Amino acid sequence: MDKKKLTIIAVIIVAIVAIGAYFATSAGSDTIKIGHLPSDHDSALFVAEAQNQFESQGLKVETVQFNNGGDLMTAIASGDIDIGYAGITPVLSSIEKGVPVKVVSGAQTEGSGVVVAKNSGITSFDDLKGKDVATPGEATIQNMLLTYALKKEGINTKDIEFTAMKAAQMNDALKAGKIDAMITWEPYSSIAVNNGYGELLANTSQILPGHPCCVVVAREDFINNHPDELKKILAIHKNATNFINKNPSEAAKLLPEDIVPDKSLQASVLNATNFVSGLDDSYKNNVLKFVDIEVELGLLQKAISSDKIFADI
């Protein structure tokens, strides 16, 4: 047999071995990928990871950080992650578009704030006209809540310049005078106020009291094919949530340094935040009311039924 034929056979063998190894690795992979945001809204995930709760239940978990909920939901749609901690707004938009995902638990309510530059003279939403306001992105719940607040005040969003920006970068931009205001999740709103370069215009609890914010979502194929693992993850989420609500100071020490630079401040933020787990009727009804508001704002084309949103676990 000549060298050319031997080379071709060798290449084919290498390719077959590589393909076989790929599929063997993929099929045997038991890693659960959980997406999250750089926000203390996802504290239950951070606490569970820091306390090795996943390992203690025999789960192999890899966490992946995304800039905002829109990016996270895109990753879920493509199958890159199995479970995510994300704002309800991008979740609802994804469900409407047919992404095979459902809410499996609440994570927390409220927890964001509209902050303006120190000495900016901005004391009302009407003062935001003509100003540059940063949000985490068009698809985020923060952007939706600001839009809702402006509409209630009769303000046209076209009168405001919106800038999409990473949450951590907003603080630097506000401090440097590159933006006039921002709406962002905790702990960044409290950091700006605490460090003296920002003034709180309104918490989202004032804009829409008791509103749902971050939820835990899972791909439908994961829900259907890994029910035992999902039950363990939800139990861990509940345990971590209870720990945060009972021990905010201790929980603050377990959060990532890049998200929570000030542990003392964070303890007070966690203490003031309503962390939740599970899906009781009251929580579901609040989400459905939120759906109606999004329809009114034009963010959803029509209402989404409860069975399309929530997993029956």
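Helices, taken as H or I runs of at least four residues, and strands, taken as E runs of at least two, are DSSP runs numbered from the N terminus. With that naming, Pro187 lies in the loop between strand S9 (181–185) and helix H8 (188–194), in what is a predicted model. The peptide bond that leads from Glu186 to Pro187 is cis, its omega being near 10°. A further backbone feature concerns Glu110, which is not a glycine and yet has a positive phi of about 55°; Glu110 is placed in the loop between strand S5 (108–109) and strand S6 (112–117).

**Helix packing around H14**

Two packed helices are described by the angle between their axes and the distance between the axes. The table gives these values for two pairs that involve helix H14 (residues 281–297).

| Helix pair | Angle between axes | Distance between axes |
|---|---|---|
| H5 (residues 88–96) and H14 | about 75° | 11 Å |
| H6 and H14 | about 65° | 11 Å |

Because angles of 65 to 115 degrees count as roughly perpendicular, H5 and H14 are described as roughly perpendicular to each other, and H6 and H14 are likewise roughly perpendicular to each other.

In the pair formed with H5, the residues Ile88, Thr89 and Leu92 of H5 meet Val287, Phe290, Val291 and Glu294 of H14. Sorted by class, the residues of this contact of H5 with H14 comprise 5 nonpolar, 1 polar and 1 charged.

In the pair formed with H6, the crossing by which H6 passes H14 is left-handed. On the side of H6 the contact is made by Ile141, Met144, Leu145, Thr147, Tyr148 and Lys151, and on the side of H14 by Phe290, Ile293, Glu294, Glu296 and Leu297. The contact of H6 with H14 has 7 nonpolar, 1 polar and 3 charged residues.

**The largest pocket**

The largest pocket has a volume of about 430 Å³. It is lined by 23 residues, of which Ser93, Glu138, Ala139, Thr140 and Leu299 are the closest to its centre. Helix H4 (69–77), H5, helix H6 (141–152) and strand S8 (161–164) are the elements that each give two or more residues to this lining. By class, the lining of the largest pocket divides into 9 nonpolar, 12 polar and 2 charged residues. H5 and H6, which contribute to the lining of the pocket, are also the helices that pack against H14 in the pairs described above.

How values were computed:
Residues are numbered from 1 along each chain as its sequence is written. This is a predicted model: local features need pLDDT of at least 70, side-chain atom pairs count only at pLDDT 80 or more; totals for chains, interfaces and linings use all residues. Side-chain values use heavy atoms; hydrogens and water are left out. Axes are lines fitted to C-alpha atoms, for helices over the stretch in contact, and angles run from 0 to 180 degrees between N-to-C directions. Angles under 35 degrees count as roughly parallel, over 145 as roughly antiparallel, 65 to 115 as roughly perpendicular and the rest as oblique. Contact means heavy atoms within 4.5 Å. Ala, Val, Leu, Ile, Met, Phe, Trp, Tyr, Cys and Pro count as nonpolar, Asp, Glu, Lys and Arg as charged, and the others, Gly among them, as polar. On a 1 Å grid over the protein atoms alone, a cavity is a set of points where a 1.4 Å probe fits but cannot get out, and a pocket is an open set with protein on both sides within 12 Å along at least five of seven lines; lining residues have an atom within 4 Å of a point. Grid points are joined across faces, edges and corners, and a volume is the space filled by probe spheres set on the points. A crossing is left-handed if the near helix is turned anticlockwise from the far one by less than a right angle, and right-handed if clockwise.
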